[in-house]
Amino acid sequence: MAKSASLLFLIMMVCLSEAVLDSHYYSKTCPNAENIILQTVYNASIHDPKVPARLLRLFFHDCFIRGCDGSVLIDSTPENQAEKDAPPNISLRSFYVIDEAKAKLESACPHTVSCADIVAIAARDVVTLSGGPYWSVLKGRKDGKISKASETINLPAPTFNVSQLIQSFANRGLDVKDMVALSGAHTLGFSHCSSFQSRLRNFSATHEIDPTLESGFAQILRNKCPKPNVDKNAGQFLDPTSSTFDNVYYKRLLEGKGVFGSDQALFVDSRTRGLVGLFAQDQNLFFKEFAASMVSLGNVGVIQNGNVRIDCRVPN
């Protein structure tokens, strides 16, 4: 049964990914769409510096389930638990920014700009506003009608090894370079202890602490995440410049200071170590490859013959 479900998921992702998008999709129907979204994202980021990391994460979590169809935005109902309420997504935030952008777009261009496109454009904008690269977002996605919490099992976990990561990204038509480049999104943001605490105590039969973790940094993390931990908000920024989009994330991996096991694995594994070194050495190269991989990710599971939600939280 599980194998059949996995095969069905892969077939769905491949079939839906054949849609063709266009960077000028709204040039006639809603020419100010990107400016409206940018202004909304900018204002929200000024008031809450956590917004950029949260909106970038929202894009990843949307595209990795049913493809980039805005399904992560749908609210649960008494009959259905939606993606946003599944354990891996409980910490997703800043949905209100998408809601605000959608309300302004509905006023300017009713029933025109999809929620899926808003998420994709907002992800680009937060990267650029944080000092990262700019790229033209391909548009024309339509919104999905299905959102199931059970499908979030397909999200890559922070405990994954490189083989698991490669397979997870390959399932979505993304290669090893895409995987390493997109992992650089962890240059923004914060993680709660629950995502990395397994590295800090009773790691294995032979090691109390994950041996790939630099000892001094391990002690810092242990202090921030004591056992028992009564502070549900405790955690660690994913790199020291967590509000700036840069290549410090990769430099930290070279030092054994990746927060997630899946991050540090990129430097430990010979299949990905070279790319980590290149991105740590050359920020412009990282920016170029990240932008290209974001375009590729934005093509995953696209629905082109669907509809545009009026309210991003409720399917039409």
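**Disulfides and cavity**

Analyst: To begin, Cys109 has a relative accessibility of 8% in this predicted model, and Cys109 therefore counts as buried.

User: To which residue is Cys109 joined by a disulfide?

Analyst: A disulfide is called where two cysteine sulfur atoms lie within 2.5 Å. The sulfur of Cys109 is 2.1 Å from that of its partner. The partner of Cys109 is Cys30.

User: How many residues apart in sequence are the parts that Cys30 and Cys109 tie together?

Analyst: The disulfide joins Cys30 to Cys109. Cys30 is in the loop between helix H1 (2-16) and helix H2 (33-47), while Cys109 is in the loop between helix H4 (95-108) and H5, so the parts tied together are separated in sequence by 79 residues.

User: Is Cys30 buried or exposed?

Analyst: A residue counts as buried when its relative accessible area is under 20%. Cys30 has a relative accessibility of 1%, so its class is buried.

User: What is the handedness of the link of Cys30 and Cys109?

Analyst: The angle about the S-S bond of Cys30 and Cys109 is 75°. With this angle, the link is right-handed.

User: What is the torsion about the S-S bond of Cys63 and Cys68?

Analyst: Cys63 and Cys68 form a disulfide with their sulfur atoms 2.0 Å apart, and both residues are buried. The disulfide is right-handed because the torsion about its S-S bond is about 120°.

User: How many residues apart in sequence are the parts tied together by Cys115 and Cys312?

Analyst: The sulfur atoms of Cys115 and Cys312 are 2.1 Å apart, and the two residues form a disulfide. Cys115 belongs to helix H5 and Cys312 to the segment after H12, so the parts that this pair ties together stand apart in sequence by 197 residues.

User: Is the link of Cys115 and Cys312 left-handed or right-handed?

Analyst: Cys115 is buried at a relative accessible area of 0%, and Cys312 is also buried, at 1% relative accessibility. The angle about the S-S bond of this pair is -95°. The link of Cys115 and Cys312 is left-handed.

User: What is the pairing of the bonded cysteines when they are numbered in sequence order?

Analyst: The count of disulfides comes to four. Numbering the bonded cysteines of the protein chain in sequence order gives the pairing 1-4, 2-3, 5-8, 6-7.

User: What is the volume of the largest cavity?

Analyst: Rolling a probe the size of a water molecule over the atoms shows where empty space is left. The structure contains one cavity of 30 Å³ or more. The volume of the largest cavity is about 80 Å³.

User: Which element gives the largest share of the lining of the largest cavity?

Analyst: Residues lining the largest cavity include Phe59, Arg124, Trp135 and Met294. Helix H5 (115-129) and helix H12 (283-298) are the elements that each give two or more residues to this lining. The largest share, three residues, comes from H12.

User: How many nonpolar, polar and charged residues are in the lining of the largest cavity?

Analyst: The lining draws at least three residues from each of domain 1 (32-155) and domain 2 (162-298). Among the lining residues are Ala120, Val137, Leu138 and Arg141. By class, the lining has seven nonpolar, two polar and two charged residues.

User: How far apart are the end C-alpha atoms of residues 20-316?

Analyst: An unreviewed UniProt entry places the feature "domain: Plant heme peroxidase family profile" at residues 20-316. This span is 43% helix and 2% strand. The distance between its end C-alpha atoms is 23 Å.

Technical notes: Residues numbered from 1 in each chain as written. Predicted model: local features only at pLDDT ≥ 70, side-chain atom pairs only at ≥ 80, totals over all residues. Heavy atoms only, no water. 1 Å grid on protein atoms, 1.4 Å probe; cavity = no way out; pocket = protein on both sides within 12 Å on 5 of 7 lines; lining within 4 Å. Points joined across faces, edges and corners; volume = space filled by probe spheres on them. Helix = DSSP H or I, 4+ residues; strand = E, 2+ residues; numbered from the N terminus. Nonpolar A, V, L, I, M, F, W, Y, C, P; charged D, E, K, R; others polar. Domains from an automatic or database assignment. UniProt positions renumbered as here; feature names shortened; annotations may be inferred. Buried < 20%, exposed > 50% of the residue type's maximum accessible area, 1.4 Å probe, protein only.
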